[in-house]
Amino acid sequence: MTTPRITDPEAVPVVGTDHHLPAIPPQRLCAPAVRARFACGRDWQPEIAGDARVLLDRAPAPAAVLVPLVERDEHLSVLLTRRTAHLRDHAGQISFPGGRQEDSDADAVAAALREAHEEVGLAPSHVEVVGTLPVYTTITAFRVTPVVALVRPGFELAPDPFEVDEVFEVPLPFLMTPAHHRRHAFEFGGQQRQFLSMPWTATGADGVARRYFIWGATAAMLRNLYRFLADAA
């Protein structure tokens, strides 16, 4: 459902939101409830299994991202990064910490924890992995395992300046409210394509408002997390 390469996703027309879908109730968005949902093991199907097509002619490579849910006093929040503008792939985009799974990684969980430590300096000692979401295949031929984790406050971050321009947090209740999920539509290869976005605006410590355009694979994985948590009943 996400896209071929798009240089300016914010310019792609919005065709609607998913305001008809219910928001996840606050009692399902606390650490114990999220932990219990992953522990129950009930079968479910992700809404979005991957990008609409794979553009690279190679066998998909394994990768992993960490979906860090930070335990703040008022709610859980999702820790995200903005990639630096000079990177070859996904420059300037919002993403989870993560990357290719290396031969030295025991599994996807080990890869996600290693990448998060390398990219943003998040120490594994502050991270409690609670489960994984289904593999998501990207347009760039990666099979990405989203590793969901609870993160205890008190951590210190040290973002890699080559890869990460900024680290920020978005309240989980905002992202788990489908009224904030916007659908964009465009035509590619004679077919109608769509992708989701979840724009977030926050005021920094300097008092300046910043807009974060969450879209593509990151938004799709968050939408799958919504479906997973919505199926908790």
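Which backbone nitrogen does a side-chain oxygen of Asp-107 reach at the start of H2? The views below take up this question and others.

The model is predicted, with local features needing pLDDT of at least 70 and side-chain atom pairs counting only at pLDDT 80 or more, whereas totals for chains, interfaces and linings use all residues. Residues are numbered from 1 along each chain as its sequence is written, and side-chain values use heavy atoms, leaving out hydrogens and water.

**View 1. The two ends of helix H2.** Helices here are DSSP runs of H or I with at least four residues, strands are runs of E with at least two, and both are numbered from the N terminus. At the start of H2, a side-chain oxygen of Asp-107 comes to within 3.2 Å of the backbone nitrogen of Val-109. Just after H2, Gly-121 has a positive phi of about 80°.

**View 2**

**View 3. An open sheet of 3 strands.** The order is S1-S10-S11, with antiparallel pairing, where two strands pair if DSSP finds at least two bridges between them. Strands S1 (14-17) and S11 (191-197) stand at the edges with a single partner strand each, so one side of each has no neighbour in the sheet. S1 pairs with S10 (residues 182-188) over 3 bridges in the antiparallel sense, and Val-14 stands opposite His-184 in S10.

Technical notes:
A polar contact is a pair of N or O atoms within 3.5 Å; within protein, one must be able to donate a hydrogen and the other to accept it, and residues adjacent in sequence count only if both atoms are side-chain atoms.
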